[in-house]
Every structure is written in structure tokens, then in C-alpha cells.
Amino acid sequence: SHPRSPGVGMSQRQWTFNGEIDWLGRPIAANVWYSKHHIPKAALVKEWRDAGASLAMLNRFPRGIVFEVEVQARYERNQLTDFDAMAPTAKAVVDGFIDYGLAPDDSGAYCRGLILRPSFHSKVLGDALLVTVREVLPGE
């Protein structure tokens, strides 16, 4: 039996992951993405895409599921960003999840949503992109 398949008298379980990408430093805001020449921007995309794939692999994400993603930037310094500033970084991370095999692609058939939360400040915890991935069950 599949670990997420309900048995007799059991309800369906929903897989959820909460973690962070903290090894790349400060999450990249949209104004930085869009101000870069295409070559340095491609390197940024690759870094964050690889980080998404690594996060999925290291935490043994399931494969072939329908999912939604929530991201939030945590900054060590006071320079906070608008919630939508994380869209390019989030897209690169989701592409890394797809590279890993979380789903066949990031179309609406598999990726049911991307939630962008406002950034927040923490001198104690430092810079990171907080990531929540939640499996969307049939009928949701």
C-alpha cells in the first residue's frame, strides 16, 4: 500500500514540508532579478533552481504529486521587500522541485498555487527563504 493511500477505516493523509533555503544567503528580490544582465541572471536562476532540487532530494519529497507552495523571505537586515518581490526566486525553486520529480511540470494541473508571504526581519535567525510545500489531495 502506498504510504499516502488510505486503508480501510483510515482517512487520507496529506504530505506537508516546512523548511528553508538558508545556504544561499539573502533571498533575491524581483528588482535585483530584473536589473541584472541575462548572463548573471541565468546564474542566479540556476543557483535557486538547484537549491530547490537539493531541498527536495535531501528531504525525500514524494514524486508525482499535485502540490502548492508558500514562500516567505526572512532577512537579517531591516530592508524588507513587498510580498510579490519573491516571485522570481519562488519560480526558480519550484522549477527545481520539478527537476527533482515532485510533479511532471508546474502547470495548473500539478501546481495548484504559489503563495507569496510578506518578508520579515530576524537578526537571530539570519537570511533565508522559508518554503512550505503541501500536497493537494483529490477533491481539494
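R60 sits in the loop between α2 (38-58) and β2. In this predicted model, R60 has a positive phi of about 50°, although the residue is not a glycine. With a relative accessibility of 72%, R60 counts as exposed, because the cut-off for that class is over 50%.

The sheet comes next. Four strands form an open sheet in the order β1-β4-β2-β3, and their pairing is mixed. Strands β1 (16-21) and β3 are the edges, each pairing on one side only. From one strand to the next, the twist averages 15°. Helix α3 packs on this sheet and touches β1, β2, β3 and β4. The direction of α3 makes about 135° with that of β2.

Strand β2 has partners in both β4 and β3. Its pairing with β4 is antiparallel and comprises eight bridges. With β3, β2 (residues 67-75) runs parallel, and eight bridges join this strand to β3 (residues 111-121). The chain passes from β2 to β3 by way of helix α3 (residues 87-100), in a β-α-β crossover that is right-handed. E70 illustrates both pairings. Opposite E70 stands I115 in β3. In β4, the residue opposite E70 is T132. In general, strands of a sheet pair through backbone hydrogen bonds, in either parallel or antiparallel fashion.

The largest nonpolar core has 34 residues. Within this core, the residues with the most contacts are F61, F67, M86, F97, V131 and V133. Two or more core residues come from each of β1, α2, β2, α3, β3 and β4. Helix α3 gives the largest share, seven residues.

V131 is one of the core residues with the most contacts inside the core. Residues up to four places away in sequence are set aside here. V131 then touches F17, N18, G19, E20 and I21, and also L55. Further contacts of V131 are V69, E70 and V71, together with F97. F97 is itself listed among the residues with the most contacts inside the core.

D95 belongs to helix α3. The relative accessible area of D95 is 13%, so this residue is buried, the cut-off being under 20%. The side chain of D95 makes a polar contact of 2.8 Å with that of K91. Leaving aside neighbours within four places in sequence, D95 is in contact with R49 and D106.

Leaving aside neighbours within four places in sequence, S122 is in contact with R74, Y75 and E76. S122 and R77 are 45 residues apart along the chain, yet their C-alpha atoms are separated by 7.5 Å.

R60, in the loop between α2 and β2, is exposed at 72%.

Definitions and conventions:
Residues numbered from 1 in each chain as written. Predicted model: local features only at pLDDT ≥ 70, side-chain atom pairs only at ≥ 80, totals over all residues. Heavy atoms only, no water. Pairing = 2+ DSSP bridges. Right-handed = clockwise from strand over helix to strand, strands pointing away. Buried < 20%, exposed > 50% of the residue type's maximum accessible area, 1.4 Å probe, protein only. Polar contact = N/O pair within 3.5 Å; in protein donor to acceptor, adjacent residues only side chain to side chain. Contact = heavy atoms within 4.5 Å. Axes fitted to C-alpha atoms, helices over the stretch in contact; angles between N-to-C directions. Core = buried A, V, L, I, M, F, W, Y, C linked by side-chain atoms within 4.5 Å.
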